[in-house]
Amino acid sequence: MIAERLETYIATLQPDDRAVLTDAITKIESNGAAPNPAADEILAIAADEINADATTVAAAAAYAYIDRENLAKLLEAKTFGDEVGGILTGLLKIPEFNIDKLKEQNENHIKLLVTLSGDVRAIIILLAVYLQKIRHITTLDDPESVRNATLVQYLYSPIAHRIGLYKIKTEMEETCLKFFEYETYRSIADKLQITKTERDRYIKEFIEPLKKKFDSSNLKVHIKGRPKSISSIRAKMKKQGVDIDGIYDLFAIRVIIDSKPEDEKSDCWKVYSLITEKYKPNPYRLRDWISVPKSSGYESLHTTLIGPEGRWVEVQIRTERMDEVAEKGLAAHWKYKNGTDGKADTNIFTKIREAIENPDTDNKSAAAEKKALYSDEIYIFTPKGDLKKMHKGDKVLDFAFAIHSDIGSKCTGAQVNGKFVSFRAELNNGDTVGILTAANQKPAAEWINIANNPRTKTRIRRIVEANNNRLAEIGRDIIRQKLQQIGLTFNDINVQQLQRAFNVDNAIDLYQGMGEGKYDQHKIKQIFAANEAAEEPAVQAHEEKKRREAVATDDANYLIISNMDTINYTFAKCCNPLPGDRIFAFVSATGGTKIHRYDCPNAKNILTRFPYRVINAVWKKEASKDLMTATIRIAGIYDISMSAAINNVVINEFHIHIRSFSITEEDGGKFTATLSVNLLGDSQLNAIVERLKRLKNVEKVTSV
């Protein structure tokens, strides 16, 4: 007898519900329902595993024990009344779905199922039916088994998940995985079995200190550890593109609290506080489904912590009531009555329909609040579990430099959550990142644009500048040696010729390019040979024209140049002549005239090779009156080479006499330098000041 198989379930019902079910059973048995083991299983699933209400169990019994043809006749005769009859009518409308279209269009099939069934309790019954079917599938050679497994995989398992029937959903997923991908299923199951002893040991080690904390509090708590389902592990493997060894959370700890209804939320947060006192949590992986439960009715606190040995552990915190809802989903609410009328809360049917039709609406407001909370900061973990606070939008490159500049400089990419990515990849909150490096890797200027964090950009810029300076020194030495080999002096004139030949804007870029091999050093001899041949016509043209119409500079009143009334000239930077120095004027191929000292490093070369372009020049008596003494103050970040750098600019580049010089190191790594120099006019002073400003680590230059 059907009633005997439901005796335990019937004993839990209110009188009205008991009457509904027993009346339906009487009608089913009076209409010739024969013993049916499959029907018995379906009825047990609906009553005991899904915990359906009496009306749903009554409809399930009729659908399981009576064939479709006779059931249609009984419904036409209104044998079961409006409520049970309405559920059964919806069940008979469900067509035979085409499983070939199910994978690509399962969402449309789910919505169609909801529409055709009318009463969502019909779908609950179908879940019981197909759970029974999948428990009896055989092999891939059996078309009926393939059909049932496909319907469960793409239709009924997702529905079970949406309404919170997680135990049933897990069984459906695992059975389908075992059926369709047996080797994968077996591989994961074997791996879990091999590691079971170690896993049990670890769970015990993780739980022990927590038990002591709970025992010392007034909370009644029991803890259990469980492995993740094989299907969920498989899903993680596919999503992250790793094998099982790359999944760090193979098990979860469940903390269940015996709590009064009014204390449930506060007790859960107390437990969370006690746990996180012992183990460091991942802030991004906190899931609060207590404040705003899932649409399936699921309530729980989820957090992921770093346990012993630096391993990740997922912990679920819930009360006894929440745990029952977690196991049986929205159906668990049917056992609670609304008011004193003895009827189940009919709002639950609306909630079930919404959960089935809108699976992505869980906790939207909470998600928005969390997004705002973490909008500017994200938390990234190293493989050892160290926590690094980063900024939203930061890349793998930023994280590498946050660990150490040496690691950042050699970064080639990373493993993010077990998957290889470029150092350009953007990081997400809660990622576990392992940096990959190469000994021959070095930062390039383009890295500045790749990095997101301003601090990273500054570090990269400094490293690139240091590398460029090193290359510039190498290039400078190469040019000096090549010029010496062909009998030329390393000076501004010759360097400028090389700049024009290599189409470079300034000497630093020339040196750097030569140092990194961008320019061919063997062409230097050819360049000067070609320039010398081309200079003669230019010189003759200049001598014919004399450029007497050229406008004199402000410094024209310092000199008397033979046979010239006015001429546009400048003082050569290679020797920076001052009044009293023995000087001459040199007409360059481009028409400009430079004033050199006779003891200039370039004088011998000029006087020997181009005597026809040399013009006598002497100082006017008034010039010495304009010889001025200036004081220059320099401030910036102290460097041991700063004194040498300043002296090099003033003495070697400008050839200016230093009357006095002092440098003082100050607190905070700063320095102040003061030097007194003799020079000719404001133009020289301004030139020196501008050059000193370009020195590395110099922040401010002033003159008096």
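A crossing of two helices counts as left-handed if the near helix is turned anticlockwise from the far one by less than a right angle, and right-handed if clockwise. By that rule, α9 passes α10 in a left-handed crossing. This is a predicted model, so to speak of local features a pLDDT of at least 70 is needed, side-chain atom pairs count only at pLDDT 80 or more, and totals for chains, interfaces and linings use all residues. Residues are numbered from 1 along each chain as its sequence is written, and side-chain values use heavy atoms, with hydrogens and water left out.

Back to the pair. The axes of α9 and α10 come within 10 Å and cross at roughly 140 degrees; axes here are lines fitted to C-alpha atoms, for helices over the stretch in contact, and angles run from 0 to 180 degrees between N-to-C directions. The two helices are therefore oblique to each other (under 35 degrees is roughly parallel, over 145 roughly antiparallel, 65 to 115 roughly perpendicular, and the rest oblique). Contact, meaning heavy atoms within 4.5 Å, involves residues including Leu126 and Tyr130 of α9 and Val152 and Tyr156 of α10.

Helix α10 (residues 143–162) also meets helix α11 (residues 166–180), with axes that come within 9 Å and cross at roughly 150 degrees. That makes α10 roughly antiparallel to α11. Among the residues in this contact are Ala149 and Tyr156 of α10, along with Met172 and Phe179 of α11. This crossing, too, is left-handed.

Next comes α4 (residues 37–49), whose 13 residues should span 18 Å at 1.5 Å a residue; the end C-alpha atoms are 17 Å apart, which agrees. The expected span is 1.5 Å times one less than the number of residues. Ala39, Ile42, Leu43, Ile45, Ala46 and Ala47 of α4 are buried (under 20% relative accessible area, with exposed over 50% and partly exposed in between, using a 1.4 Å probe and protein chains only). Their cover includes α1, α2, α5 and α9.

Helix α13 (residues 196–216) reaches 30 Å from its first C-alpha to its last, close to the 30 Å expected. Still, a kink of about 30 degrees lies at Ile207, shortly before Pro209; the bend is the angle between axes fitted to the seven residues ending there and the seven starting there. Ile207 is also one of the buried residues of α13.

Finally, His596 lies in strand β15 (residues 593–597). His596 is buried, with a relative accessible area of 1%.

Notes: Helix = DSSP H or I, 4+ residues; strand = E, 2+ residues; numbered from the N terminus.
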